[in-house]
Amino acid sequence: MDTKELLKKVRKIEIKTRRLSNHIFGGEYHSTFKGRGMTFSEVRQYQIGDDVRNIDWNVTARYNEPYIKVFEEERELTMMLMVDVSGSEMFGTEQLFKNEVITEIAATLAFSATQNNDKIGLVLFSDTIELYIPPKKSRSHVLRIIRELIEFKPKSKQTNVAEAFKFLSSVTKKRAIVFVLSDFISEDYKQTLKIAAKRHDVTGIRVYDKSEESIPNLGMVQMQDEETGELMLVNTSSKTVRANYSKYYQDKVNYYKDSFAKSGAGSIDCRVDESYVKKLLGYFKRR
């Protein structure tokens, strides 16, 4: 992809996702993810209806009339976007590939965080950590994140979600809002997720295509595993083959749901042909 085409694509995603974050997600994001506490702002004269517990007795005694302390919510937070860039994300039978939907969701979340003056960091992972961008503020920083999401070429096509959670725990010591965007066709990440969810506010966003859920009866078909590159002949007319595949896929989905629920983390399921706007808004409102 040449520079001109890349910038055009970045701009297109910015316009769409910034509008969504400004008009829809700004308030929802703010009310869903609270700051770390309250910080002292100023002292002003007492007004009817003020909480008497906030009276500043020293200032009140000095001026012989009641004054209260005003506190503001300490809003600044850090959002970490953890994005799966393995081979299985380059799949889609509808209008968009999974990785394109993931890019839009990540950009929308990033602009929502920027609106609230929060820092945004990015981790791109496969079965290893492919790229880490430390948290920062600013529009140019978000645009860099979008650029990486569009054009980054991972070294590996395989997935290891557990490695991503281990890395998160090693680089992010303070509590952060963490969104993990993946199809979660992975295993053995329950324990590392549990550790991460104790420290951070973690949400998994599973992005998937409906055609992944089952194999249609098409006779003898050559298929390629996107993550291993392995080619194989599959007899899709066999009921056993179709049933085994459906069970394998459903087991991965159940593991994802069970792992996030038991660790106290949030989870969202988003099919590529569904509105991720409705999914995110519904999730924010439920919280």
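The model is predicted: local features need pLDDT of at least 70, side-chain atom pairs count only at pLDDT 80 or more, and totals for chains, interfaces and linings use all residues. Residues are numbered from 1 along each chain as its sequence is written, and side-chain values use heavy atoms, with hydrogens and water left out.

**Strand S3**

Helices (H or I, at least four residues) and strands (E, at least two) are DSSP runs, numbered from the N terminus. Strand S3 spans residues 78-84. Seven of its seven residues are buried, so S3 is largely enclosed by the rest of the structure. Buried means under 20% relative accessible area (1.4 Å probe, protein chains only). Thr78, Met80, Met82 and Asp84 lie on one side of S3, with Met79, Leu81 and Val83 on the other. In a regular strand, side chains alternate between the two faces of the sheet.

Two strands pair if DSSP finds at least two bridges between them.

| Partner of S3 | Sense and bridges | Residue pair |
|---|---|---|
| S4 (residues 119-125) | parallel, seven bridges | Met79 with Ile120 |

**Helices H5 and H6**

H5 (residues 161-171) packs on H6 (residues 190-199) at about 35 degrees, with axes 9 Å apart. Axes are lines fitted to C-alpha atoms, for helices over the stretch in contact; angles run from 0 to 180 degrees between N-to-C directions. Contact means heavy atoms within 4.5 Å. From H5 come Ala162, Phe165, Lys166, Leu168 and Ser169; they meet Thr192, Leu193, Ile195, Ala196 and Arg199 of H6. These residues divide into six nonpolar, two polar and two charged. Here Ala, Val, Leu, Ile, Met, Phe, Trp, Tyr, Cys and Pro count as nonpolar, Asp, Glu, Lys and Arg as charged, and the others, Gly among them, as polar.

Definitions and conventions. Buried < 20%, exposed > 50% of the residue type's maximum accessible area, 1.4 Å probe, protein only.
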